[in-house]
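Have the sequence and the 3D structure to hand as you go through the points.

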Amino acid sequence: MIESLLVANRGEIARRIIRTARRLGIRAIAVHSEADAGLPFVTEADEAVCVGPANPAQSYRNVEAILAAAKSTGAQAIHPGYGFLSENADFARTVEASGLIWIGPGADAITAMGDKINARNLMAAAGVPVAPGTTDPAADLDAAVAAAAEIGYPVMVKAAAGGGGMGMGVATDEAALRTEYDKVRAFAERMFGDGSVLIERYFPRVRHVEVQILGLADGRVVALGERECSVQRRNQKLVEESPSPAVSPELRERFLAAAVRAGEAVNYRNAGTVECLLDPATQEFFFLEMNTRLQVEHPVTELVYGVDLVEEQLRVAAGLAPTFDPDALAPRGHAIELRVNAEDPKRFLPGPGVIRTWVEPTGEGVRVDSGYVEGNTVTPFYDSLMAKLIVSGATRAEAVERARAAVAAFELAGPKNNLPFFAELLENQEFLSGDYDTGIVSRMR
């Protein structure tokens with residue numbers, strides 16, 4: 001097993017990775033910005049190195065500073081978490097060229113899945129269902145208009161290099177397409193350095209369902225069930241649950257088989273997620289993207305399948321067999337994750353500030369992965385995620401009931417937060433029925 005691990009991330013995910021590393025007897029090393037010096041992930045690590053000021057470009061995305069920290073601390077491996085450099089193929093290659101172990105998929109797989117058009121074409125060739133759309137970037141507005149006319153409105157306008165729900169727009173007619181095309185292209189150039197745009201069919205009522213895959217050290221790819229991620233605001237997930245209430249045993253079998261094919265198509269190793277759109281009316285699903293990293297919502301899979309995905313990542317990277325039997329994977333019970341963000345619960349606008357009160361809920365089936373404690377400051381420099389409240393139970397109904405109690409018991413004062421929204425959601429009849437889609441939040445607002 002790896003002996004020392006540098007975590008190139010911050011907040012709750014850095015703290016969560018450090019927790020597993022220390023349980024396994026691995027020396028855990030944190031890197032942090034000046035703004036994060038007082039956060040728990042820094043104080044709980046065996047060693048910590050400041051890599052720059054608050055600006056992520058000068059700290060958490062500063063490749064030279066992170067590699068220098070790894071060298072100075074004698075780190076053997078680097079875990080990138082999610083976000084920042086986690087899906088940067090050049091960083092992965094640089095890490096390995098430096099003689100360090102990269103905790104993630106190979107750079108070639110990251111590259112293959114990083115471009116949405118290339119990924120769509122690869123998946124189609126592998127027999128994974130893809131939505132009707134362009135097989136090459138829409139070179140200009142005229143090409144986008146022609147593609148939309150062939151596909152049929154409404155269409156989704158997407159940044160080819162985007163991800164995480166960013167760089168997307170919906171057009172219901174040609175006039176809207178002309179506006180959205182320019183908007184998405186400009187955003188993509190600014191955010192990703194690549195203005196390539198693809199056009200694909202938009203489904204007005206759709207569910208967002210994803211499959212957790214793990215490429216093992218022996219070359220085999222396995223699927224650890226699906227997660228429902230349809231509770232979203234501005235295409236950003238707020239709630240995830242596993243198993244999905246929309247997926248029957250027969251549909252699950254098709255989902256998992258397609259996800260495994262997707263991983264095999266790029267010789268996938270380590271943890272990843274195959275994201276899909278599910279049309280509840282037809283039970284058809286379509287490949288959306290593959291996230292070549294650990295997901296924010298991985299804990300619901302951990303609770304339902306009884307695995308520690310970070311430990312499995314480390315074992316794969318070390319060339320070791322998994323702790324579980326790949327031929328005996330089966331879900332047990334139900335789990336729900338609520339992303340507790342520093343944002344107002346109505347418009348979901350960021351609301352950073354000093355945490356005056358922070359008391360986490362406890363009890364059977366309750367887990368909190370948090371990045372903060374009382375007295376910390378949530379700054380405006382990073383994502384608004386403060387903690388993940390994860391609950392589990394023998395049934396979905398039991399998990400929902402525990403979620404209600406946990407939300408009520410979570411004492412949080414200082415920054416604005418979305419706990420009141422979760423209290424509302426957990427009483428919403430559409431959500432309780434399990435028959436909801438990605439429009440549920442907009443209908444609540």
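Predicted model: local features only at pLDDT ≥ 70, side-chain atom pairs only at ≥ 80, totals over all residues.

**Arg443 and its surroundings**
- You will find Arg443 in helix H15, which covers residues 440-444.
- Leaving aside residues up to four places away in sequence, Arg443 touches Glu430 and Asp437.
- Between Arg443 and Glu430 there are 10.0 Å from C-alpha to C-alpha, and the two are 13 residues apart in sequence.

- Lys158 belongs to strand E6, made up of residues 155-159.
- Is Lys158 buried or exposed? Its relative accessibility is 5%, so Lys158 counts as buried, the cut-off being under 20%.
- The side chain of Lys158 makes a polar contact of 3.3 Å with the side chain of Glu200.
- Glu200 is also among the residues that Lys158 touches, not counting those up to four places away in sequence; the others are Gly167, Met168, Val184, Ser196, Val197, Leu198 and Leu288.

**The cavity**
- How many cavities of 30 Å³ or more are there? The count comes to 1.
- The largest cavity has a volume of about 40 Å³.
- Its lining consists of 13 residues, and those nearest the centre of the largest cavity are Pro80, Ile103, Gly104, Arg293 and Leu294.
- By type, the lining of the largest cavity divides into 6 nonpolar, 6 polar and 1 charged residues.

Methods: Residues numbered from 1 in each chain as written. Heavy atoms only, no water. 1 Å grid on protein atoms, 1.4 Å probe; cavity = no way out; pocket = protein on both sides within 12 Å on 5 of 7 lines; lining within 4 Å. Points joined across faces, edges and corners; volume = space filled by probe spheres on them. Nonpolar A, V, L, I, M, F, W, Y, C, P; charged D, E, K, R; others polar. Helix = DSSP H or I, 4+ residues; strand = E, 2+ residues; numbered from the N terminus. Contact = heavy atoms within 4.5 Å. Buried < 20%, exposed > 50% of the residue type's maximum accessible area, 1.4 Å probe, protein only. Polar contact = N/O pair within 3.5 Å; in protein donor to acceptor, adjacent residues only side chain to side chain.
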